[in-house]
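Hi everyone, and thanks for coming.

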Amino acid sequence: MTPVLQVTNIRKQFGGLTAVDGVSFSVNEGEILGIIGPNGSGKSTLFNCVLGQLQPTEGEVRVDGQPVTGLRPCDLNRLGVSRTFQLLQVFPQLSVRDNLILAGQEHKGSMGTRLFGARDAGLTGDANRMIEFFRLSHVADEKAGGLSYGQQKLLDAAMAFMAGPRLVLLDEPAGGVNLTMLGHLRERLKAINAEQNATFVVIEHNMEFVMALCDRIIVLAEGKVIAEGTPDAIRSNPEVIEAYLGH
Amino acid sequence: MMDFLTSRAFKGTVFVLLVAGLIILPFFLRPFGLLLVAMWMVHAVAALGLNLTLGYAGQISMAQGAFVGIGAYCTGLMTLAGVPYPVAFLCSGALCFAIGWILGYPALRVQHHYLAFVTLAFSTLVFLVMRNEEWLTNGIYGLTDIPRPILFGWNTGKAKDFYFFTLLMTSILAFCVWWIIRSPWGRAFVALRENPVRALSLGVDTRRYTLMAFAMGSSIGGFAGALYAPLVQFFEPNSFSLTLSLKLLLMVIVGGAGTFFGPFIGAATEVLLPEWLRIAQGYYLIIYAMLVMVLMMFCPTGIIGLGERLISHLRQKKISSERSAQAQVMGADKPGQKEGAGQ
């Protein structure tokens, strides 16, 4: 079976600094892969190389067996690859519903049909379903900028799923989210994974969250993969403990 | 009441009343008054274009005055050469669309004040061409006796007729802009302004939308120029110097960038206010400058933003008074309940 995402020997250098050093991994359909590592280990740079935000110095990325290295993020998104960012990235002046419609509209028709077609690009129904799924109904018409941090985080995640992607890369989805909201987010992600067989790659610092969510975990340190395995295997891996605790 | 003030019905009512007012206005105004209101409409159209580029898509441009100039010269030269006005009008828009598209390319590489300087340089370049290329533009003497159009037998030569023609064209162009901003394109433009990196990750082709924002905004500037030429019937390069671009920028900011009605209000403050403040004589500019400074200090979102803040404040006040009234009622009920419970 062809993996949904195949990353081969990715390397990224910034001048003399090697942020990612020959990382390879693959993710199969319906799998939730976690990527963990101490601060500065190259997780977000790896994400940005995979998603076309940064051009890798070396290496190859394939989605469903197709080479996509260096493809622009918008083109990659139209191939069914979606993402969230480490820092909140919603559109504060748009309503929650408009944020979601925006997240799906570029997948509907051409630029011409979007100019002359319906205002909502026929996505109000889908947006409402997503709003309900992420339990944001009570703030659906509020401007996203007026929402609490946790609600914005849920909206951020909901936007990544709006176009029904095959693969979603989530960069620290639990960052800054309180415990109640965190449980809610994990439950929603699990539900999407089970219902749509969606594939996730998750970068996360919250060990409890990542261990409960992921099927498999890879650990990065200083730009290299130092361990790979199930959450239980990772928890007891001495190299991982050393990378995190420094002894 | 507060909800009505922010509803679509209210905005629609304002628009209908505005158009109705503009239709009956010529029956009460002298030719100079008509010229002034028509001038306001032309400036509002140019500001609408800039608002699309700057207010919605977030791409700063200090070249809108240059596009008005290109449109005016294109229409002026073509109609003086005997080309029918509708053809000249469309050519003005198309030419500015093409030039605006090309000017959009630097915006793919630079942003904010760097982009402002790129567009400023373009504005200066256009001014120099208008002033120095006499074989094309007649240099500092400008273009004179630009004819007003005759459309389907309707001669717009008289002030009142041309006023109605300007009103008609302004309504059509305003409708086009409204259509763009309410379409998914408008949403994509806002996304481009607020967070281009996130927009890109959601499939928004930011490159194409940036170019489109520049091209469309410039094209509307060109159409404004095509209306300006037969309105004034004489112009020279100074009419389209950097000052006009700065004025249009001020109109958008003062009116309320990123709002549909903002450019209309902004253009009114710039075109009509000087006439209303004639009584202040030489102090007009001082008063105006101070008003702008105060507005920008306390409400950087412009006059529309000021209105929105006022409505929001009144709404909050209403909610608080309703809550306190509810609390009073509940407080008054409690002793009664206790009495009832005791009986």
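Let's begin with a pair of helices in chain A. Where α3(A) and α6(A) cross, the crossing is right-handed. Please keep in mind as we go that this is a predicted model.

How do these two helices sit against each other? The axis of α3(A) and the axis of α6(A), a helix made of residues 149-161, come within 8 Å and cross at roughly 30°. Angles under 35 degrees count as roughly parallel, so α3(A) is roughly parallel to α6(A).

Which residues meet there? From α3(A) we have V96(A), N99(A), L100(A) and A103(A), and they meet L155(A), A158(A) and M159(A) of α6(A). Sorted by class, the contact of α3(A) with α6(A) has 6 nonpolar residues, 1 polar residue and no charged ones.

Now stay with α3(A) for a moment, and let's bring in the other chain. The contact between the chains takes 25 residues from chain A and 17 residues from chain B. On the side of chain A that touches chain B, the elements giving two or more residues are α2 (73-78), α3 (96-105) and α4 (111-116). Which of them gives the largest share? That is α3(A), with 5 residues. As for the classes, the residues on this side of chain A divide into 14 nonpolar, 5 polar and 6 charged.

T124(A) lies in helix α5, residues 124-133. Its C-alpha atom and that of D98(A) are 26 residues apart along the chain, and they are separated by 8.7 Å. Because T124(A) has 14 C-beta neighbours inside 10 Å, this residue counts as partly exposed.

Most residues other than glycine have a negative phi. N9(A) has a phi near 50°, a positive value in a residue other than glycine. You'll find N9(A) in strand β1, residues 5-14. Is N9(A) buried or exposed? It is exposed, since there are 12 other C-beta atoms within 10 Å.

The other asparagine is N197(A), and its phi, near 55°, is also positive. N197(A) has its place in the loop between α7 (179-196) and β8 (199-203) of chain A. With 11 C-beta neighbours inside 10 Å, N197(A) counts as exposed.

Let's move over to chain B. How many helices and strands does chain B have? There are 15 helices and 2 strands. Along its principal axes, the C-alpha trace of chain B spans about 100 × 55 × 45 Å. Chain B has 343 residues, and 43% of them count as buried. Take the contacts in chain B between residues at least 6 apart in sequence: 78% of these join residues at least 24 apart.

Chain B is divided into domain 1 (23-298) and domain 2 (304-331). The C-alpha centres of these two domains of chain B lie 40 Å apart.

One last residue, and then I'm done. A332(B) is found in helix α15 of chain B, residues 302-342. A332(B) counts as exposed because it has 9 C-beta neighbours inside 10 Å. Now look for Q111(B), which is 221 residues from A332(B) along the chain: their C-alpha atoms are separated by 61 Å.

Terms used. Residues are numbered from 1 along each chain as its sequence is written. Chains are lettered from A and ligands numbered from 1 in the order in which they are written. This is a predicted model: local features need pLDDT of at least 70, side-chain atom pairs count only at pLDDT 80 or more; totals for chains, interfaces and linings use all residues. Two residues are in contact if their C-beta atoms, placed from the backbone, lie within 7 Å. Helices (H or I, at least four residues) and strands (E, at least two) are DSSP runs, numbered from the N terminus. Ala, Val, Leu, Ile, Met, Phe, Trp, Tyr, Cys and Pro count as nonpolar, Asp, Glu, Lys and Arg as charged, and the others, Gly among them, as polar. Axes are lines fitted to C-alpha atoms, for helices over the stretch in contact, and angles run from 0 to 180 degrees between N-to-C directions. Angles under 35 degrees count as roughly parallel, over 145 as roughly antiparallel, 65 to 115 as roughly perpendicular and the rest as oblique. A crossing is left-handed if the near helix is turned anticlockwise from the far one by less than a right angle, and right-handed if clockwise. A residue is buried if 20 or more other C-beta atoms lie within 10 Å of its own, exposed if 12 or fewer, and partly exposed in between; C-beta atoms are placed from the backbone. Domain bounds come from an automatic or database domain assignment.
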